[in-house]
Every structure is written in C-alpha cells, then in structure tokens.
Amino acid sequence: MDMPNPLDSIIEALGMNDLPPEEQESALLQLNELVFRGSITRMLESMDQSTREAFGKLVESDASEEDLQAFITQHVPNADQAVADTVAALTSDILSVTNSQ
C-alpha cells in the first residue's frame with residue numbers, strides 16, 4: 001500500500017496539478033524547504049540546551065545527512081511528530097489563505 005504524500009492537499013490547494021512538471025518540481029522543492037526549516041525549528045525547541053549545542057556543533061562540522069539523521073533519531077524521539085505538525089500547520093495556513101477545504 002502506498003503512503004499518501006502529506007503535501008498532496010497543499011499541491012491541490014495551490015492548483016499545482018495544472019503546472020508544467022518543471023514548475024511543479026520547483027514549487028515542491030520550495031515547499032520541502034519550508035517543511036524542513038519548520039521541522040528543524042520544532043525539533044530544536046524540543047531539545048534541552050546540551051542536546052541543542054551538540055546538534056549545532058554537528059551541523060557546523062558539515063556532518064553528512066546520515067549523521068544528522070542518526071543524531072535526530074537518537075536524541076529527538078518526537079522527530080516524526082515535529083515533521084507531521086509542520087506539514088499540518090503549513091497545510092492549514094495555505095488552505096485558510098486559498099479558502100480550500
């Protein structure tokens with residue numbers, strides 16, 4: 001069974017299905033950036049000071065994506081929820097602006 005794309009409602013609300021594939025890809029990259037930034041912010045807010053500092057040092061060391069993911073998995077038990085909450089908030093904001101339900 002395929003998992004639904006959490007951004008599908010945003011794509012539909014913005015009318016992105018009607019865009020050429022190149023424009024859809026560009027818009028999705030921008031949406032992914034918003035979700036990434038929002039998720040990282042939520043995760044940082046849930047970390048204690050020492051964990052936040054350790055994460056900052058890891059980021060500054062140009063750690064690989066795998067190393068960052070491993071750190072988050074180990075130190076942020078609610079990371080998946082942070083991403084889900086970010087997507088839900090972004091979806092809600094976009095739907096309220098576009099008046100789509």
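This is a predicted model: local features need pLDDT of at least 70, side-chain atom pairs count only at pLDDT 80 or more; totals for chains, interfaces and linings use all residues.

Reader: Why is Ser39 called buried?

Author: The relative accessible area of Ser39 is 4%. Buried means under 20%, and Ser39 is therefore buried. Ser39 lies in helix H2. Leaving aside neighbours within four places in sequence, Ser39 is in contact with Ala82, Val83 and Thr86. Ala82 and Thr86 are among the buried residues of H5. Across the chain of 101 residues, buried residues make up 26%.

Reader: Why is Asp62 called exposed?

Author: Asp62 has a relative accessible area of 70%. The term exposed applies over 50%, so Asp62 qualifies. Asp62 is found in the loop between H3 and H4.

Reader: What makes the phi of Asp62 worth a remark?

Author: Most residues other than glycine have a negative phi. The phi of Asp62 is near 60°, a positive value, and Asp62 is not a glycine.

Reader: Why is Thr98 called partly exposed?

Author: For Thr98 the relative accessible area is 30%. Buried would require a value under 20% and exposed one over 50%; Thr98 lies in between and is therefore partly exposed. Thr98 is found in helix H5. Thr98 is in contact with Ala13 and Leu14, leaving aside neighbours within four places in sequence. Thr98 and Gly15 are 83 residues apart in sequence, and their C-alpha atoms are 9.8 Å apart in space. Over the chain, residues 24 or more positions apart account for 64% of the contacts with a separation of 6 or more.

Reader: What makes the 11 residues of the largest nonpolar core a core?

Author: A nonpolar core is a set of buried nonpolar residues joined through side-chain atoms within 4.5 Å. The largest one has 11 residues: Ile10, Ile11, Ala13, Met16, Ala27, Leu31, Val35, Val87, Leu90, Ile94 and Leu95. Ile10 touches Leu31, Leu90, Thr91 and Ile94, not counting residues up to four places away in sequence. A second, separate core of 9 residues includes Phe55, Ile72, Ala79 and Ala82.

Reader: What lines the largest pocket, and how many of its lining residues are nonpolar?

Author: About 410 Å³ of space lies in this pocket. The pocket is lined by 16 residues, of which Phe36, Ile40, Met43, Gln69 and Ile72 lie nearest its centre. Helix H2 (21-46), helix H3 (49-60), helix H4 (65-75) and H5 each give two or more residues to the lining. The largest share, 6 residues, comes from H2. The lining divides into 10 nonpolar, 4 polar and 2 charged residues.

Terms used. Residues are numbered from 1 along each chain as its sequence is written. Side-chain values use heavy atoms; hydrogens and water are left out. Buried means under 20% relative accessible area, exposed over 50%, partly exposed in between (1.4 Å probe, protein chains only). Helices (H or I, at least four residues) and strands (E, at least two) are DSSP runs, numbered from the N terminus. On a 1 Å grid over the protein atoms alone, a cavity is a set of points where a 1.4 Å probe fits but cannot get out, and a pocket is an open set with protein on both sides within 12 Å along at least five of seven lines; lining residues have an atom within 4 Å of a point. Grid points are joined across faces, edges and corners, and a volume is the space filled by probe spheres set on the points. Ala, Val, Leu, Ile, Met, Phe, Trp, Tyr, Cys and Pro count as nonpolar, Asp, Glu, Lys and Arg as charged, and the others, Gly among them, as polar. Contact means heavy atoms within 4.5 Å.
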